[in-house]
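Work through the exercises below with the sequence and the model open. Try each task before reading its solution.

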Amino acid sequence: MSKSPSMTAPVVGNTSGGSFTPAAPGAEMPQRRKLLLAATSAVGAAGAAAAAAPFLASWFPSERAKAAGAPVDVDVSAIEPGMLLRAEWRGQPVWVVRRTPEMLATLDAVKPKLADPESKAPQQPDYAANATRSIKPEMLVLLGICTHLGCSPTDRLAPAEGWAGGFYCPCHGSVFDLAGRVFAGMPAPTNLVVPPYKYLNDTRLRIGDDSKGA
Ligand code: FES
């Protein structure tokens, strides 16, 4: 281990006879200093090893940690139009909704009532920063976690009482449309999060991984 120039040097000098006499520059290193330096080096090496242990451990995550953060594959072929499928990724709820043409038609109509209708806040990957907040217009993928205080909203996909449908958070009343965009004036400050995802084929989604070529 190289020593830092700012490290405090051990006292060098002659303490015999009760009085301290500084050593002359260039004087031979006393035995006491050699011992102190040896002890300091040993402690320093041990300290560095101890400090490095957790750091190295963090470079090599456990199998359990890797599994907890691993992508999740979802077969979307069984999702009927207008239905929602629930999955879990990194311990968080993920919703996959197959939107009908009627549901998609509501997205434009509600825009004047939304806080961020164009999804300008970075709540989605770039490929979902569009009018439907999705790769394929009919298939919506969202984290089911309210952006206010983290409750999980309930889905209200059918239109009711003047509302075209979407998601409702009962904790403090935030309302989201069928693209997970929050209505203006709600406690939730931003749209629901679109996680990273990609299609492996026509029926299989991979959530948590949007790398190319896999
Ligand atoms: S946590 Fe959803 S509105 Fe407060």
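**Exercise 1.** Count the helices and strands, then give their order.

Solution. The protein has 3 helices and 11 strands. Helices (H or I, at least four residues) and strands (E, at least two) are DSSP runs, numbered from the N terminus. From that end, the order is β-β-α-α-β-β-β-α-β-β-β-β-β-β.

This is a predicted model: local features need pLDDT of at least 70, side-chain atom pairs count only at pLDDT 80 or more, and totals for chains, interfaces and linings use all residues. Residues are numbered from 1 along each chain as its sequence is written.

**Exercise 2.** Find the residues that touch the most other members of the largest nonpolar core.

Solution. A nonpolar core is a set of buried Ala, Val, Leu, Ile, Met, Phe, Trp, Tyr and Cys residues joined through C-beta atoms within 7 Å. Buried means 20 or more other C-beta atoms within 10 Å of the residue's own, with C-beta atoms placed from the backbone. This core has 26 residues; Val94, Val96, Val141, Leu142, Leu205 and Ile207 touch the most other members. Elements giving two or more residues include strand E5 (92-98), helix H3 (101-109) and strand E6 (139-143). E6 gives the most, with 4 residues.

**Exercise 3.** Describe the sheet that contains E8.

Solution. Strands pair if DSSP finds at least two bridges between them. The sheet is open, has 3 strands in the order E7-E8-E9, and pairs antiparallel. Strand E7 (154-156) and strand E9 (174-176) are the edges, each pairing on one side only. E8 and E9 share 3 bridges in the antiparallel sense. Phe167 has Phe176 in E9 as its bridge partner.

Terms used: A residue is buried if 20 or more other C-beta atoms lie within 10 Å of its own, exposed if 12 or fewer, and partly exposed in between; C-beta atoms are placed from the backbone.
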